[in-house]
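Subject: Handover of a structure and a summary of findings

Dear colleague,

Please find below the structure that I am handing over to you. My notes on it follow, and I would be grateful if you read them with the structure open beside you.

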Amino acid sequence: MSQIILSVTATDQANAGTQLSSKVKVIIAVSDFNDNAPVFEVIDTAVYVSENLPKGTLVVKVKATDVDSLENGYISYSITNPGPVPFDINPFSGEITTTQVMDFETMKTMYNLRIRASDWGAPFRQETETIVTVKVQDTNDNSPEFEKTRCKGYLSREAAEGTEIVVLTAIDFDAGNIISYSITEGNEDDHPNDSRILTLVASDGEHFSVPVTVSLTLVNNKRSQRLSAAEVSVSCQDTDVTRRLQEQLHLSKENNRGDTTSLALMFQQLQVENVYAPHFEGNISLNVTVSEDVVVGSVIFNFSATDEDKGCNGQVLYVITKGNIGDVFKVDSFTGSLKVMSSLDFETVSEYNLTILAEDLGKPRKSAIQTITIFVADVNDNHPVFEKDQYNQEIFEDIIINSTVIQVSAVDKDTGRNAKLEYSIVSGGEDFFIEPNTGIIRVKNYLDREKQAEYIVLVQAKDLGLNRRQSATTSVIIVLKDVNDNFPEFVPKVVTVRVREDFPVGTAITTLTAHDSDEGENGTVTYKMIDGADNKFYIDELTGVVRILNKLDFETTQVYNLSIRAEDGGQQSLASMCLLNVEVVDVDENHYAPEFSSFLLSGSVAENSRVGTYVMTVRAQDKDTADNPGEKIVYFIRDGSGLGRFSIDNNGEYCVQD
C-alpha cells in the first residue's frame, strides 16, 4: 500500500448536544523501504557451450525480480567467483558470455558460476546469489596422429600369411572418437619383387591423419643377416604426439582440479547462516543529560552496533521500542543517530528511559538492546506566577510600624535557582516594605487615611536564574480603614454676631460648622450648647444652626457668650469647643422699615474661594435715619440655602464664611 488516507475529526468539549466539530482528510504517502531481496527465476540445472566458439558467445541469460519500487527494485548482476573464470555477465541484462575461445581438451570442462543479483537500494543493497553450471561441450576438432612415422625394414619372402609386420597406432585428442586404419597405397600386386612401400592413414570418421609410410625390402633367405632369426624387422621414427597428449592430459587435470564441491553444497553455501547477533559498543546502560531548550532536530547521541556477519546478515537497523513518551525522540534507522523531534519540557517530563533495539536483516533476524536514560536539564523558561492577579487587603490606619499587612506568593515551575523567587515593590508602596524571601508586606511609615486612603502597590517576583531572570508582577490594593483620630474642628473658633433685640423667636442668627476628617460615624458631627445661653438661644444638633429661643431685651442683657461643643460619633468620641459672642443691638421705635432697592439681588463667587472672600455688597434705605442720623442699618442673613455659608457685615458686604 503506497498511500494511506485518514479522516481526522476534531471535537470541542462542550456539553452533549452543543458540541462542534470539523473534519480534515490526511493523506500519508508510504515511502518504500528496501526490505526485499531480488529473486532469481528458475533456470536449467546446467547450460552448455561448445568449444571453439568465438569470444563473446552468449551462454545463457539470467533474470531476477525485486518487488520493491524505484531504485530499491532496480537490479544489477555480477559474477562473484573467487577466482577468474572465462565468462562475463552484462550487469543490466544478465546475459552471460564467454571472454575467450573455449577448449575442451585443455580447459576446465565445467564451471559453477556464482551469479549475484544486487538491487540499488540505499543505504544498503539487498543481494541474492545463485549457481549457474556451465559445461563445455567437446567437438571433433582434432585429426588422429600416428605415434610413429617413416617406418622401414625387411620382410622375409617366406613369412607366413598373417605375420605382424609393424604396429602403428594413432592418437585422437578428442575424447571418445573411434579410430580406423587403412592402407591407401603400396598394397598392390604389381610392385617390384624386392621392395614395397605401404601408405597408411588413420581416421576418426571425420578427420584423416597425416599418412605414414612403411618401406619394406623383401629378402629370400630367412636366415639373412638383415633379418637375424625373425621374419620381419622394421624400425620407425617416434613422433611427439604421445608427449603432447600427456601434456594436454596434465593441463586438463590441473585445470579441473579442486572442482570437487558438489552443486548441492554450493547452493547450501549460498544460504549464508546468520551466525552473529549485533552488539552495541560501550555500556549496555547509558545516561545523557539534555537541556530542555535544545533545538528540535539536534542529535543528542549516536548509537553504534556491529554485526560480524556479511551482507544483509550484517546490516543493522535501529529502532526505539520503549519509553518514547509523546514520540519526542527518533533514532535514525541506519545511522543510529538519536534526534530530538519535538520540544522538551522539564516541567512536564524530566526523565526519559529509552530502549533501543539493534536488529540485523538476517533470516532469522537477531538483535541486541541498549537502554539510555535521558535527563532533561531545567532551563529558566518559566516566569513566576502569582496565586492571584490582584490582592486586596484592608487595614486600620493606626496600624503600628512593621506590622504584617499581607503575604503575596508566586510559584515557578522551574527548579533550583530558576525556581527560587525574590520579591520587591516596584511602585506605589512608599509607606510599605516587602520581605524579599517571604513576600510578606509590612508597614514602613505611619499611615493616615485622611491623607491617603488607598494604596495600589505593584509587587514583582523575580527568579534567581543565572543566565536570565524571569519575573512577574501583581497588584496589591491596600485600603486604610478609618480610625477616630481626628477632632471636629471649628473654623473659625470664635464667632461674633449682632442681633437686634426685636428679632422674633426662632430667628436663625448664625450657623456653626465643625469639620471632622474621619469617615462614617467617626466623621459625623453633632452640636450641643454647653454654656452661656441663659435660655435665650438653642442650636440644632445636626446642622449647627443657632436660633433665638426666647425674646431678647437689650436693656437686660447686651452680650451673650455661648460655648458650643462639636462631638463626632466614634465609639470613643472626640469633641472640640467654639465660642459664640452674641451682641444684642438696641432698637428704637421705628416708623419705617429698611428697604432694599430690589426684591432680588444676585452675585457670584468661585466654588473654591477661601473663607473671607468678598462676594458682593447690598444696600438698604431707612427713612427713620433722616430724623436720627446716628442710627445705622444692621444687616443679617436670616434664612436660605446659604445660611451658615456666608456672612454679612454692617456695611452690607457679603463674604464667604465656610
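A word on the UniProt annotation is needed before anything else: its positions are given in the numbering used here, feature names are shortened, and annotations may be inferred rather than shown by experiment. Please also bear in mind throughout that this is a predicted model.

Domains

With that in mind, the UniProt record, an unreviewed entry, lists "domain: Cadherin" for residues 6–40, 41–146, 282–386, 387–490, 491–596 and 597–652. Two of these spans were examined further. In residues 6–40, the end C-alpha atoms are 38 Å apart, and the span is 0% helix and 49% strand. In residues 387–490, the end C-alpha atoms are 49 Å apart, with 0% helix and 48% strand.

A separate domain assignment divides the chain into domain 1 (39–137), domain 2 (145–245), domain 3 (279–377), domain 4 (385–481), domain 5 (489–585) and domain 6 (591–657). Between the C-alpha centres of domain 1 and domain 4 there is a distance of 88 Å.

Salt bridges

How many salt bridges does a search of the whole structure find? The search gives 17. One of them joins the side chains of Asp240 and Arg244, with an N to O distance of 3.2 Å. Asp240 has a relative accessible area of 35% and is therefore partly exposed. Arg244, with a relative accessible area of 24%, is partly exposed too. Both residues belong to a network of salt bridges that links Glu145, Asp240, Arg243, Arg244 and Glu247.

Is Arg449 buried or exposed? The relative accessible area of Arg449 is 11%, and buried means under 20%, so Arg449 counts as buried. Its two partners fall in another class: Glu450 is partly exposed at 23% relative accessibility, and Glu519 is partly exposed at 40%.

A nonpolar surface patch

Which residues make the nonpolar surface patch of about 600 Å²? They are Met1, Ile4, Leu6, Val8, Val24, Ile28 and Val30. The elements that give two or more residues to this patch are β1 (3–11) and β2 (21–29). Strand β1 gives the most, with three residues. Ile28 lies in strand β2, and its relative accessible area of 38% makes this residue partly exposed.

The surroundings of Asn535

Finally, Asn535 is placed in the loop between β41 and β42 (537–539). Apart from its neighbours within four places in sequence, Asn535 is in contact with Leu549 and Asn550. Asn561 is 26 residues from Asn535 along the chain, and the C-alpha atoms of these two residues are separated by 12 Å.

Yours sincerely,

A colleague

Terms used:
Residues are numbered from 1 along each chain as its sequence is written. This is a predicted model: local features need pLDDT of at least 70, side-chain atom pairs count only at pLDDT 80 or more; totals for chains, interfaces and linings use all residues. Side-chain values use heavy atoms; hydrogens and water are left out. A salt bridge is a side-chain nitrogen of Lys or Arg within 4 Å of a carboxyl oxygen of Asp or Glu. Buried means under 20% relative accessible area, exposed over 50%, partly exposed in between (1.4 Å probe, protein chains only). Helices (H or I, at least four residues) and strands (E, at least two) are DSSP runs, numbered from the N terminus. Domain bounds come from an automatic or database domain assignment. Patches are made of residues with over 30% relative accessible area and no salt bridge: like charges are joined within 9 Å, nonpolar side chains (Val, Leu, Ile, Met, Phe, Trp, Tyr) within 5 Å. Accessible areas come from the Shrake-Rupley method with a 1.4 Å probe; for residues, only the protein chains shown count as cover. Contact means heavy atoms within 4.5 Å.
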